[in-house]
Amino acid sequence: DDSVLNGAIIMIVVTCPLGSWAVDRYGRRVAAAVGETPACESAGQRLMVPVSDPDSLGPLLDLALMLRNHSRPGAIHPVAAVDDEGDTSTAVAQAEDLMARCMVHAAAQDTVVQPTISLGLNVADTLVRTAKELRADTILMGWSRESRLTRHLFGSLRDHLLDACVARIILGRLGPPLNTTQRVLLALPPQAAKRPQVVSLLHDVGWLAGQIGARLVLHLGHPDDQAPVARLLADTAKKIPLNTIVNDTWRAAVAALSAEVRDGDLVVVAAERRYSPHWSPSRERLPEVMAQQHPANTLLVVYPALPMSQEGVAQEVQTPAQAPDLFVHDEPIMAQDLVEAVAQMAHGMTSWWPYQRHQVAALLTRSAHSYPVVLRPGLVLVHAHSEAVLSATLLVAIAAQGWSMPDQPAPIRTILALVSPDEQASQGHLATLQVLTRCLRDPQRAVAIDQADRAQTVAEVLVEGMRAIAADVESIHAPP
């Protein structure tokens, strides 16, 4: 009758919200007490750094270089994601320029990186696939400044990565240079010792503070965490200055950390994935709150890796560099600027057909105008892909008079122009660029190039250096 129907409706109205609240409140406690499936931990360190903006490239790589522990196997993998829709030649050329700048920036820090260009239908899926292919254990990327409306309507890149990518994710909102940082501040929520990958988090934050030469200030969200966290930080406390502040509640810990932030401090937020038993709405909003309260400080938001099955660590795959054909312009180039100089270099290739000279000249002048790469003071590289060449070709020339470039202390007088065939993959093109970059890292070769008064001398130094690097790579990757 009606009373039974009304009673059923009342039961549904009461039990649905009450059941959801009870499961959310007590289910998380049960899950936290039982523990989680451990995430895949490896002895290596493979940092994947997605880059899309030349302005943020340097600070992101500097942070990756600070986090990189060279005593552990692995590498830094800058990645440029390109939408595979329509004509991708311009996008690929810009991505190659970004990767070339990454190699030059890393070479200045005496570090070798492994750049990658990946094509896909959208950036998020491309980055997830690339992270799997590289077996990256950490993804370091810049802070996304998407509007709230756009994020809620279409979802953000961060949300896609957090849902689909198993690797640990570090979002960086970068501020002042890292070498000016005096303190690294980190707040750990209650049950910190049970947090996934807390050991890796504390180790990397301590390592970063040690690399910068900063003091580590740790805010704990509950008194019960003091003893287990102190045991985890026993080795770190011997190497860097460490302050541990114990708070009664997580809210008090966040308030104390926020009130303590000063100019130049680096703030680290230990965030959670949405389906983690440690997740809560307040913790999800914490990164945005901290970013709004301290817009001038560097902010790192660290999300732990997802639980996954134990898998073997992939071997480092080296794309072999195709030895380029060298063409030397013995006579100094007489030109008004770099764009005119590379055009003269291409038109001076008498062994090419007129069609080849005109097309390569157009591509190289566009590269010289849009994205010339300064490999070292006084030496600039322009590069492009062309259907007019059948093999990688490197043109070498010396300017009769150098040209000034912004932010460069020395005038540009040595010009390298690399042209790769269209059918050559971007990875092979980048491998050749990396060999050139490594060749110029040698101080003796760099001095010989700086003092050379003929392009032939520069070419001889490059040939000798590239042969030595190729032999070194073959010896490393030769089977036992």
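Two strands pair if DSSP finds at least two bridges between them. I keep this rule at the head of my entries, and I note that the model is predicted.

Entry 1: Ten strands form an open sheet with mixed pairing, in the order 3-2-1-4-5-10-9-6-7-8. I then asked which strands stand at the edges. They are strand 3 (116-120) and strand 8 (242-246); each has a single partner strand, so one side of each is left without a neighbour in the sheet. Ignoring direction, I found that neighbouring strands are turned by 20 degrees against each other on average.

**Entry 2: one strand pair.** I recalled that strands of a sheet pair through backbone hydrogen bonds, either parallel or antiparallel. Strand 6 (residues 183-188) and strand 7 (residues 215-220) run parallel and are joined by six bridges. I traced Leu186 to its bridge partner in strand 7, which is Leu218.

**Entry 3: helices on strands.** I found helix 6 (residues 157-164) lying across strand 4 (138-142), strand 5 (168-173) and strand 10 (298-303), at about 160 degrees to strand 5. Helix 11 (residues 281-293) lies across strand 5, strand 9 (266-270) and strand 10, and runs at about 175 degrees to strand 10.

**Entry 4: two packed helices.** I asked at what angle helix 2 and helix 7 pack. For helix 2 (residues 54-67) and helix 7 (residues 198-212) the angle is about 105 degrees, with the axes 8 Å apart. Angles of 65 to 115 degrees count as roughly perpendicular, and helix 2 and helix 7 are therefore roughly perpendicular to each other. Helix 2 makes the contact with Leu63, Met66 and Leu67, and helix 7 with Asp204, Trp207, Leu208, Gln211 and Ile212. By class, I recorded six nonpolar, one polar and one charged residues in this contact.

Terms used. Residues numbered from 1 in each chain as written. Predicted model: local features only at pLDDT ≥ 70, side-chain atom pairs only at ≥ 80, totals over all residues. Heavy atoms only, no water. Axes fitted to C-alpha atoms, helices over the stretch in contact; angles between N-to-C directions. Helix = DSSP H or I, 4+ residues; strand = E, 2+ residues; numbered from the N terminus. Parallel < 35°, antiparallel > 145°, perpendicular 65-115°, else oblique. Contact = heavy atoms within 4.5 Å. Nonpolar A, V, L, I, M, F, W, Y, C, P; charged D, E, K, R; others polar.
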